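Here is a briefing on the pockets of one predicted model. Where is space left open, and what lines it?

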Amino acid sequence: MRFDAAIFDMDGVVTKTAAVHSLAWKRTFDQFLQVRAATHLEPFKEFAHEHDYLAYVDGRPRYKGVETFLKSRGIDLPFGSPEDLPGDGTICGLGNRKNAIFNQIIEQEGVGLFDSTIALIHEMLRCGIKVGLATSSKNSAVILQKTGTASLFGTVVDGIVSAKLGLKGKPEPDIFTTAATILGVPAARAIVVEDAVSGVQAGAKGGFGLVIGLARENNTRELRENGADLVIADLSETNLAEIDRLVGAKRAGTDVIR
């Protein structure tokens with residue numbers, strides 16, 4: 001094989017939790033914005049999936065997502081502390097509120113998997129390719145336990161690990177390059193599989209052998225423009241042999257984008 005490791009994002013790539021994150025963010029921000037509109041005597045503008053979640057929150061570390069969205073609305077809040085109570089008037093308080101809502105939803109409704117992703121991971125492992133997980137989420141342990149997928153990954157670099165190591169969040173490549181390093185594979189001999197624009201940006205910056213973008217949101221053009229070498233709607237549209245061929249084509253300087 002022309003590559004030795006694959007680093008997968010979690011939400012929207014391995015697990016069907018991206019929609020849950022979007023819903024939890026909407027509930028959090030809409031409540032905050034409604035209260036703010038009433039107290040500041042200004043119109044209420046709801047938090048929208050396409051224009052707000054995808055643009056400012058998707059793929060980013062939790063508190064960075066809060067900060068980036070609020071900045072887009074011209075709202076300035078103190079950062080606070082990660083120990084802030086959910087709903088406190090701080091960036092951390094809002095982030096913690098969202099996390100409480102997210103955990104409540106998955107506890108009630110469970111977590112789904114993308115079967116095509118799991119099938120590809122099993123095929124990679126059978127071929128001796130190392131597999132890692134890199135995610136901004138601080139809930140990876142709970143999600144992997146609920147889905148029974150923890151054993152698939154040789155390393156997990158999540159939001160908790162990032163905080164401990166001082167890693168920068170997406171679109172910086174830190175979580176992906178750290179996962180590759182732990183697996184003992186240089187970035188050029190590893191691939192990244194992502195669904196967020198910030199994630200493919202991170203993969204491109206990290207110098208990975210191939211960056212696969214999953215266009216779950218009909219965002220093919222955005223993923224291509226931000227660094228994805230291959231853009232598909234689902235991993236069922238490709239296979240291990242094709243991925244290996246594309247890694248070789250990119251290494252040879254051939255344009256592999258489709």
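**Largest pocket**

Lining the largest pocket are 18 residues, and those nearest its centre are Pro-61, Tyr-63, Lys-138, Gly-159 and Ala-163. A pocket here is an open set of points on a 1 Å grid over the protein atoms alone, where a 1.4 Å probe fits, with protein on both sides within 12 Å along at least five of seven lines; lining residues have an atom within 4 Å of a point.

- Helix H3 (62-72) and helix H7 (159-165) are the elements that each give two or more residues to this lining. Helices are DSSP runs (H or I, at least four residues), numbered from the N terminus.
- H3 gives the most, with 4 residues.
- The pocket holds about 310 Å³ of space. Volume is the space filled by probe spheres set on the points, which are joined across faces, edges and corners.
- The lining has 7 nonpolar, 5 polar and 6 charged residues. Asp, Glu, Lys and Arg count as charged; Ala, Val, Leu, Ile, Met, Phe, Trp, Tyr, Cys and Pro as nonpolar; the others, Gly among them, as polar.

**Second largest pocket**

- About 260 Å³ of space lies here.
- Its lining has 16 residues, with Leu-54, Ala-55, Val-197, Asn-219 and Glu-222 closest to the centre.
- Two or more residues each come from helix H2 (49-57) and helix H9 (197-205).
- H2 gives the most, with 5 residues.
- By class, the lining has 7 nonpolar, 4 polar and 5 charged residues.

**Basis**

- The model is predicted: local features need pLDDT of at least 70, side-chain atom pairs count only at pLDDT 80 or more, and totals for chains, interfaces and linings use all residues.
- Residues are numbered from 1 along each chain as its sequence is written, and side-chain values use heavy atoms, without hydrogens and water.
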